[in-house]
Amino acid sequence: MARGEHHRIHAQDRTQRNRVLVAQEAARLMSEHGIRDFHHAKLKAAERLGIVDTQALPRNNEIEDALREHQRLFHADTQPQALRARREAAVEAMRFLRGFDARLVGAVLEGTADEHSAVCLHVFSDDPEAPGLFLREQGIPLETQTRRLRWSHSEQSEHPVLLFGADGIPFDLTVLPMDALRQAPLDRVDERPMRRATAAMVQQLLAEEDIEAFNAST
């Protein structure tokens, strides 16, 4: 093998090893420090590891895979309980917000939620003020923000976000127009349309968990 080819292969191997290390460290930071943003987590992980090669930065789906493995190895006794509590809370919230066609998205749906995670919902109304007005009428104190979502590689838009807590669990509601029920924004992990679930779909996930737990105990 030519010396140049040997160096090229060695460099590729080193880059791949660094990608794995950054993904693992980013997953640890997300799990143990509550970082929710994949990009921030990977940059912080690379900084902590002293890795400056941008080719060694993993994709978001690599970090998500590493997060699942980290939770399996180090938080198997607590993460499933935190996830279930948030899925149960999501069902209650979506039923409460049924007038706004609420859908569950994010880590609680995907199964990577932990004690740091908010229940993230999409709610739909052509009057962007209506969901917040409804919640305030129920006596729920809110914080408001905005969030930029991507709908395609060339289309982005900002939308209101409503933040509140219930029974110790944080909630994060993004208010979208009604026609967004037909087209989901792109997921930050894989750049595909975001997975969304109705209350009935989440209730089915909980029922499947019950069956798995029962089978494991018999």
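Trainee: Which exposed residues sit on the face of α2 turned away from its buried side?

Mentor: That face carries E47 and R48. Exposed means over 50% relative accessible area, buried under 20%, and partly exposed in between, with a 1.4 Å probe and protein chains only. This is a predicted model, in which local features need pLDDT of at least 70, side-chain atom pairs count only at pLDDT 80 or more, and totals for chains, interfaces and linings use all residues. Residues are numbered from 1 along each chain as its sequence is written, and side-chain values use heavy atoms, leaving out hydrogens and water.

Trainee: What makes the buried residues of α2 line one face of the helix?

Mentor: The buried residues of α2 are F38, A41, K42, A45 and A46. Seen down the axis of α2, they fall within an arc of 130°, so they line one face. The arc is that of the directions from the helix axis to the C-beta atoms. An α-helix has 3.6 residues a turn, so residues three or four places apart point the same way.

Trainee: Why does P80 count as partly exposed?

Mentor: P80 has 40% relative accessibility, and therefore counts as partly exposed. This residue is found in helix α4. Its C-alpha atom is separated by 8.5 Å from that of A113, 33 residues apart along the chain.

Trainee: Which elements do the buried residues of α4 pack against?

Mentor: Among them are α3 (60-74), β2 (119-124), β5 (169-176) and α7 (199-217). Contact means heavy atoms within 4.5 Å. The buried residues of α4 include Q79, A82, L83, R86 and R87.

Trainee: How many helices and strands does the protein have?

Mentor: The secondary structure comes to seven helices and five strands. Helices (H or I, at least four residues) and strands (E, at least two) are DSSP runs, numbered from the N terminus. Along the sequence, the pattern is α-α-α-α-β-α-β-α-β-β-β-α.

Trainee: How many of the residues of the protein count as buried?

Mentor: Of the 218 residues, 40% count as buried. Among contacts with a separation of 6 or more, residues 24 or more positions apart account for 61%.
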